[in-house]
Amino acid sequence: MELHSHDRTSITHEEIVKVIDSHLFVGHQKRKRFYVKGIAFPNPPTEPHQQPDDSFSGWNAVLRQLANETDVNVVRMYEMDCNLDYTLFLETAAKLGIYVLVPLTQASGDGVLSREKKAPDCYPKKLYQYGSKCIQKYWDHPNVLAGVIGNEVMNDMVAWQSAPCIKSYLDDLTEFSQMYSTRLTSANANDSNNQRTAFPLMYATQHDSPNAQLSPDEAVKVTLDYLACSTKNNFIFGINIESWCSSVQTFEYNEDGVTESSYHLLWKTLTGQGKTRVIMDA
């Protein structure tokens, strides 16, 4: 069925997505389950604040195409710089009914979490400062679904040395989000637009194993268990599944209708992890 942009509604502060228990919900007065149907999105221009009309024209054209021709409701950004201004892009996406996953790290600059270094050197002070700055910058955009603290960082045994830094970054930004929410609530107690009570965080892992002793599903569970251990709030756990699936295949069964699908096997492996909302990111 063709979906037109006029069939969508703009995302306001009433439609902020929240992580509650092990699910995503949207809505303040009338809460309902939220299901992600997302797609990776092109990298942003290098300096969007200097030439907004020209720099954002390509982005906005793709956003409108998604709104007009698909039922995608989330776009995932892989490179953004919190020192730049993305207001025009985020507001356009909100008007088209599209949520955005934003990165809270960088490939270079202040937002680098180095997988080549052991803890604590992989987590410099300026990374925390960068992440907390990002949260403050994106807080008032109701269509920012979550901030991604890392993407496929612990892909091999060497990179697993940086796991404590990923977990510390997750816990620290969770605590900062809670403190920032409390501060805003106290300062703006009568502001009806102040509906965000937390800034959801997300880690995305590769559906693979760092060694021959663990299957991909087992390795994913180890990563989830580690990050969820004693964490201070719910977070979103993304799984980058880079595998082909048939249009005949269902969630439960493969094409033959008998053998269990890899998606269902993975879901069973992770069932009961109530600290997180598990989403599949192909």
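Reader: Over which residues does pLDDT stay under 50?
Author: Residues 1–6. pLDDT is the predictor's confidence in each residue, from 0 to 100. For that stretch the model has 12 contacts beyond four places in sequence, a contact being heavy atoms within 4.5 Å. Where pLDDT is low, the predicted coordinates should not be read in detail.

Reader: What is the mean pLDDT of the chain?
Author: The mean is 85, and 86% of the residues reach 70 or more.

Reader: Start with β6. Is it covered or open?
Author: Mostly covered: five of the five residues in β6 (99–103) are buried. Buried means under 20% relative accessible area, exposed over 50%, partly exposed in between (1.4 Å probe, protein chains only). Strands (E, at least two residues) and helices (H or I, at least four) are DSSP runs, numbered from the N terminus.

Reader: Which residues sit on each face of β6?
Author: Tyr-99, Leu-101 and Pro-103 are on one side, with Val-100 and Val-102 on the other. In a regular strand the side chains alternate between the two faces of the sheet.

Reader: Which strands does β6 pair with?
Author: β5 (74–76) is joined to β6 by three bridges, in parallel. Four bridges join β6 to β7 (144–151), also parallel. Two strands pair if DSSP finds at least two bridges between them. Arg-76 stands opposite Leu-101, and Val-100 opposite Val-144.

Reader: How does the chain get from β6 to β7?
Author: Through helix α4 (125–138), in a right-handed β-α-β crossover. Right-handed means that, with the strands pointing away from the viewer, the path from the first strand over the helix to the second runs clockwise. β5, helix α3 (87–95) and β6 also make a right-handed unit.

Reader: And beyond β7?
Author: β8 (201–206) comes next in the pairing: four bridges join it to β7, in parallel. Gly-150 stands opposite Tyr-203 there. β8 in turn has five bridges to β9 (235–240), again parallel, with Thr-205 partnered by Ile-239.

Reader: Why call β8 largely enclosed?
Author: Because six of its six residues are buried.

Reader: Switching to cores. Which residues touch the most other members of the largest one?
Author: Leu-104, Tyr-138 and Ile-149, out of 56 residues. A nonpolar core is a set of buried Ala, Val, Leu, Ile, Met, Phe, Trp, Tyr and Cys residues joined through side-chain atoms within 4.5 Å. Helix α5 (163–187) gives the largest share, nine residues. Another core lies apart from it, with 16 residues, including Val-19 and Ile-236.

Reader: What does Leu-104 touch?
Author: Its contacts include Leu-127, Tyr-130, Val-148, Tyr-169 and Leu-201.

Reader: What about the antiparallel sheet?
Author: It is open, ordered β1-β2-β3. β1 (17–20) and β3 (32–33) are at the edges with a single partner each, so one side of each lacks a neighbour in the sheet.

Reader: Last one: which residues of α7 are buried?
Author: Tyr-263, His-264, Leu-266 and Leu-270, in a helix spanning 262–270. They cover an arc of only 160° around the axis, so they sit on the same side of α7. That arc is taken from the directions from the helix axis to the C-beta atoms.

Notes. Residues are numbered from 1 along each chain as its sequence is written. This is a predicted model: local features need pLDDT of at least 70, side-chain atom pairs count only at pLDDT 80 or more; totals for chains, interfaces and linings use all residues. Side-chain values use heavy atoms; hydrogens and water are left out.
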